[in-house]
Amino acid sequence: MTLTTLFSILNQSLWVWLATDVLLWALFVLFLISVVVILRSPLQRAVWQKVFRQRLAVVSAVLLAVAACFALLDSIHVREPLPRTTAESPVRYAVEVNSLLDLMLTDLRKNHEKTYSAPLAVTLAALEPLTITLPDGTVEMRREAPRLKVAGAAFPPGPVDAASYWRDVLVRGSLGALAGGFLFAMLWLVCKLGQRLIRNHEQQNRLAWRWASITFAVLFVIAGILAGLSTNFHVFGTDKVGQDVLYQVLKSLRTALVIGLVPTLVTLPLGIAMGLSAGYFRGKVDDVIQYIYTTVSAIPGVLLIAAAVLSIQVMIDNHPEWFATAVERGDIRLLALCIILGMTSWTGIARLLRGEALKMREFEYVQAARSFGVSAGQILLRHVLPNVFPIILITLVMEFSSLVLAEAVLSYIGIGVDPTMFSFGLMINNARMELSRDPVVWWSLTAAFLFMVLLVLAANLLADAVRDALDPRSEGQS
C-alpha cells in the first residue's frame, strides 16, 4: 500500500481509540518526558551514558525500540468507510477495526491460503487427492500437495522447477536487502548531518552510536529481505486457517508490550505506597501492610488470575451491548488481564522498598529532616523516594520479562487474552497439537518462540546494564 493511499484511508476513516491504545500512548509520552528530564540533568545523563557504553545494552535498546514502534503503529485503530450506494447516502463505516499496522500490511493480512504451508513454500503442507489427465487421455487419481493461491503466483501453473524457485528466492531476497540497506544509508546520512549541525561529538557517545548503527543496519537489511520475499512467498509459512505467520508475530508484539508495560501502572503506585509506608512508619502500619501482601502472596497466582478472568468473561458475555465491535470486546479483556496481573505482582516491589525504607529512615539526613519538623510525606517524597528510584527502575524492567512470559503461560492454559487477538501465547497454544502431525507443523511455534525470546532477552540484558550503571558496587564488573 502506497503512502498516498494510506493517508487517504486514514482521512476518511472513523478513528477508534481503545483503552489499551490510550494507555500505551500515555506511557510513550511519559517516556519522552523522562528522556527530556534525563537530558537536562548532567548527573542522570552521565548515568545513562554509562549504561550505553555496553554493547549489549545498545543492541537491546534498539530491539526494544523497534518492537515499541510496531506496537505504537498497531495502537492506532480506524474503521474504514463502506462504499456509498448514492452520493446522497450517509457515510457508513465497516464493523471491522483495523490498525495502522494492519493497513500497512494489507497484503499479509488479506492474502490467505487454504491451510498450512511451510515457510517459503509454493504448495500446501497437506496432501490432497487430485485428478490428473495424462498425455494419453487417461485420468489418474493422485495424492499431491496443491499449489498455493497467493504464494508462488509469479510462477507459471504446474510444478515449479527447483532452479527457477531458488533463482526467484535469491533475486527477491537480494533486492529486498539492497532496498533495506539503501533506506538505512539515507537514514544514517540524515542522522550524521543532524549530528554535525548540533556539533555533538562527545567521545563517550561514539560507541553507542556505532553499535546502534550496526544494529539498525542489520534490522533494515533483514526487514528488506522479509519484505522482498513476502511479495511472492509466506516467509514464515501459514497457520491452520491459512493466515500468514509473519503477520501474526508482528501483531503479537503489541500484546506482549501491553502485558509487560500496562500492569506497571497498577504495580508502581500500589507497591511504592505500601512498601515505603511500611518501612518508614513501622509499628501497626507495618503490621497491617505485611499482613496484606503476605496474604496476597499466599494465594496461588494462577488460580486468582483464572477466577478473575473467567468472572470478567462472564460479565462481558452477559452484556454484549456494551461493545460495538469484537476488537473492543477483546481489548477490555486484555485490559482486565493487565489490571489483574498488576494487582498480583506488586508484592515483590513492596517487600524490596520496605527493606530500603527501614534502612534509610535511620540515615542522618532523614533524622535531621524529622527533627526540623518536616512532614513524613515530604521526607518520603524528597529524601526516600529519589534514593530508591534505581531499585524501582530495575525491578520494573525485570518485571517486564516475567509479565511477557506470564501471558504466554496464561494463554497456553486458556485464561489469557481473547482468542480473537494475536499473542505469542495463543500462537504457542494453537501450535502445540500440530507437532504430532505428519508432516510436523513446526513453523508457527518456532516463529513465536524466536520473537518472544528476542524480546525477553533484550529486556533482561538492558535491565542488567541499568543495574550495573545505577549500583556503584557492581561498577566495572559487567
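I started with Arg354: its relative accessible area is 18%, and because the cut-off for buried is under 20%, I noted Arg354 as buried. The model is predicted, so I kept in mind that side-chain atom pairs count only at pLDDT 80 or more.

Next I looked up the partner of Arg354. Its side chain meets that of Asp286 in a salt bridge, 2.8 Å from N to O. Asp286 sits in helix 11 (residues 283–298) and Arg354 in helix 14 (residues 347–360), so this pair ties together parts that are 68 residues apart in sequence. Asp286 is buried too, with a relative accessible area of 7%.

Then I turned to Arg172. I found it in a salt bridge with Asp168, where the closest N and O atoms are 2.7 Å apart.

My next entry is Arg329 with Asp317, a salt bridge whose closest N and O atoms are 2.2 Å apart. Here distant parts of the chain are linked: Arg329 is in helix 13 (residues 326–344) and Asp317 in helix 12 (residues 301–318), twelve residues apart. Both are partly exposed, Arg329 at 25% relative accessible area and Asp317 at 39%.

I also noted a network: Asp21, Arg254 and Asp331 are joined into one by salt bridges that share partners.

Last, how many salt bridges does a search of the whole structure find? I wrote down eleven.

How values were computed: Residues are numbered from 1 along each chain as its sequence is written. This is a predicted model: local features need pLDDT of at least 70, side-chain atom pairs count only at pLDDT 80 or more; totals for chains, interfaces and linings use all residues. Side-chain values use heavy atoms; hydrogens and water are left out. A salt bridge is a side-chain nitrogen of Lys or Arg within 4 Å of a carboxyl oxygen of Asp or Glu. Helices (H or I, at least four residues) and strands (E, at least two) are DSSP runs, numbered from the N terminus. Buried means under 20% relative accessible area, exposed over 50%, partly exposed in between (1.4 Å probe, protein chains only).
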